[in-house]
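Reader: I have the sequence and the structure open, and I would like to go through some parts of them slowly with you. Could we start with a single residue and then move on?

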Amino acid sequence: MRRPSSPLIVAAAAAVALAVALGSMVSGTTLAGRLAPSTGSLRNAAVAVGGPINPAPPMRAYLSPTNPYAGPTPDRACDAGSRPETVQGKAPAADYKNGRAAKGYFCNARELSHYGHTGGYRVERYVDAAGHECAFWDSTLLWPHNIPDQGTEGPGVYVMNMHNPKHPVVSDVLRTPAMQSPHESLRLNQKRGLLVADMGYPTWNPGFVDVYSVKQDCLHPTLDSSSPMGVLGHEGGFAPDGKTFYVASLYAHTLSAVDLSNPQAPVLLWTSTDYQPHGVSISNDGNRLYMAEAAYQQGTYDSGFHGLTILDVSQIQKRVMNPQVSVVSRLTWPQVSTPQNATPFVSHAHHYLLETDEFGSGKQVGAARIIDIDNEKHPYVVSNLRLAVNKGGQTADPGDDQVFQGYQAHYCSLPSRVDPYIIACSFIMSGLRVFDIRNVAHPVEVAYFNKPLLPNHDPVYPMKVGSFAMSAPAYDQARHDIWYDDGNSGFYVVHLTRGSGVTKFAARIVYPGN
């Protein structure tokens with residue numbers, strides 16, 4: 001594949017100023033793409049990333065009335081041939097010295113294939129009208145830092161031909177501005193066959209929204225539009241009908257709704273600075289927006305609320321002129337760090353959210369949880385998903401060189417919005433983790449795969465070490481495979497074995513679009 005042309009580099013160059021400003025935060029002596037606390041306001045933000053140590057009065061008003069078990073999630077025995085961890089989620093320094101880490105850690109899961117040296121924040125799966133099976137994954141953890149590691153394909157969203165999951169092949173690279181640096185915004189809408197991202201960054205970027213059609217030929221997506229409709233970009237969310245794409249920017253405190261009824265001519269419907277939105281997901285009817293909020297300045301922006309906010313966006317969904325959006329409810333929890341995303345699902349006819357917190361410091365390691373929203377005005381936490389290593393504080397383990405990025409969670413995803421049996425999560429240094437949630441009150445970890453990068457094994461950044469799994473995984477139920485990528489080592493196809501005890505990923509696959 002050829003390198004991006006000069007016009008595309010110019011179009012994406014809005015990120016360069018931010019990259020230069022943050023240059024002192026990225027070092028070849030640390031994990032590539034990790035952000036190290038610097039000075040001024042960024043130092044304050046780094047402290048706040050761990051969440052409120054002592055929740056302010058407004059936070060206490062939204063605390064869950066329940067207090068479920070918050071220790072390590074029970075795990076299933078590993079099958080023969082597994083290479084299990086000695087401590088759940090941990091890759092200890094001693095294992096790097098004695099050669100154990102080089103063999104990787106896996107339980108009831110096996111690697112089928114691997115590609116590349118970098119990875120971003122989301123993997124999506126799609127089968128088009130012609131029967132092509134495709135993977136889409138953002139190859140950039142931090143633009144332009146990852147470019148030297150991206151080889152001949154260069155930066156962009158990689159399109160993989162998954163006809164043979166043991167030998168995936170890059171069929172195309174999407175290089176428009178948002179696709180070069182989508183941060184956490186890449187989303188696929190299954191119903192309309194639209195792949196969309198906004199131009200994002202750990203802080204924010206100009207909100208270019210790129211729209212591709214993958215319906216006819218997912219191996220070579222067709223560009224419908226690329227326009228600065230999203231105001232400021234960081235995260236994103238799709239209404240399941242595929243007609244509204246929400247662009248969220250937590251640091252800039254902007255939330256925007258973009259009309260994609262005509263994907264070739266997007267229209268900005270609504271924007272607000274009333275919230276501090278991180279990830280957002282939308283209800284199946286499009287009337288509710290589930291927002292992971294993370295305020296970074298106590299005393300401002302709604303008194304520093306960290307947690308879940310449910311918004312009524314029905315007037316946006318109905319295309320009411322000058323739509324009004326209201327808060328339905330809010331919820332927080334004792335372990336809250338930086339709320340990342342909350343996705344709705346139904347299990348045994350009850351309504352829930354799968355919520356994930358990213359990062360964390362001190363005792364505030366949020367990890368993940370299941371929230372009951374049968375009564376959306378009074379949500380509560382049903383259960384937590386945590387590993388034994390999620391205790392907070394730094395260790396001497398290779399790669400654990402940041403206060404808030406190490407043994408913490410980042411993203412979880414669902415195989416279906418109706419009766420999912422499992423969920424898969426990326427837990428940064430702990431790699432891919434798989435939980436059985438058929439009993440939502442008592443989840444069990446049934447499989448994991450973690451392949452830490454060894455020192456001096458990255459061809460560009462030799463000091464990059466350990467795992468840096470940040471992506472929301474994708475699922476291939478027919479083959480019993482999970483796809484994810486790792487910021488330090490690339491794209492993986494992982495097969496779940498019978499030892500996981502899971503014969504199906506969900507009762508039926510209903511996945512209109514996250």
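Reader: Okay, is Asn450 buried or exposed?
Author: Bearing in mind that this is a predicted model, Asn450 is buried, because its relative accessible area is 1%, and a residue counts as buried when that value is under 20%.

Reader: Which strand is Asn450 in, and what does its side chain reach?
Author: Asn450 belongs to strand β28, which covers residues 444–450, and its side chain reaches the backbone oxygen of Met429 at 3.0 Å. Leaving out residues up to four places away in sequence, Asn450 touches Ala91, Gly104, Tyr105, Met429, Ser430, Gly431 and Ser467.

Reader: New topic: which residues of the largest nonpolar core touch the most other members?
Author: That core has 38 residues, and those touching the most other members are Phe345, Ile370, Leu385, Ile423, Phe427 and Phe435. Among the elements that give two or more residues to this core are β22 (350–358) and β26 (422–426).

Reader: And what is Ile423 in contact with?
Author: If we set aside its neighbours within four places in sequence, the contacts of Ile423 include Leu354, Leu385, Phe435 and Tyr475.

Reader: Switching to sheets, what is the strand order in the open sheet of 4 strands?
Author: The order is β7-β8-β10-β11, with antiparallel pairing. The edge strands, each pairing on one side only, are β7 (187–189) and β11 (222–227), and the twist from one strand to the next averages 20°.

Reader: How many bridges join β7 to β8?
Author: There are 3 bridges between these antiparallel strands, β8 being residues 194–198, and Arg187 has Val196 in β8 as its bridge partner.

Terms used:
Residues numbered from 1 in each chain as written. Predicted model: local features only at pLDDT ≥ 70, side-chain atom pairs only at ≥ 80, totals over all residues. Heavy atoms only, no water. Pairing = 2+ DSSP bridges. Axes fitted to C-alpha atoms, helices over the stretch in contact; angles between N-to-C directions. Core = buried A, V, L, I, M, F, W, Y, C linked by side-chain atoms within 4.5 Å. Buried < 20%, exposed > 50% of the residue type's maximum accessible area, 1.4 Å probe, protein only. Contact = heavy atoms within 4.5 Å. Polar contact = N/O pair within 3.5 Å; in protein donor to acceptor, adjacent residues only side chain to side chain.
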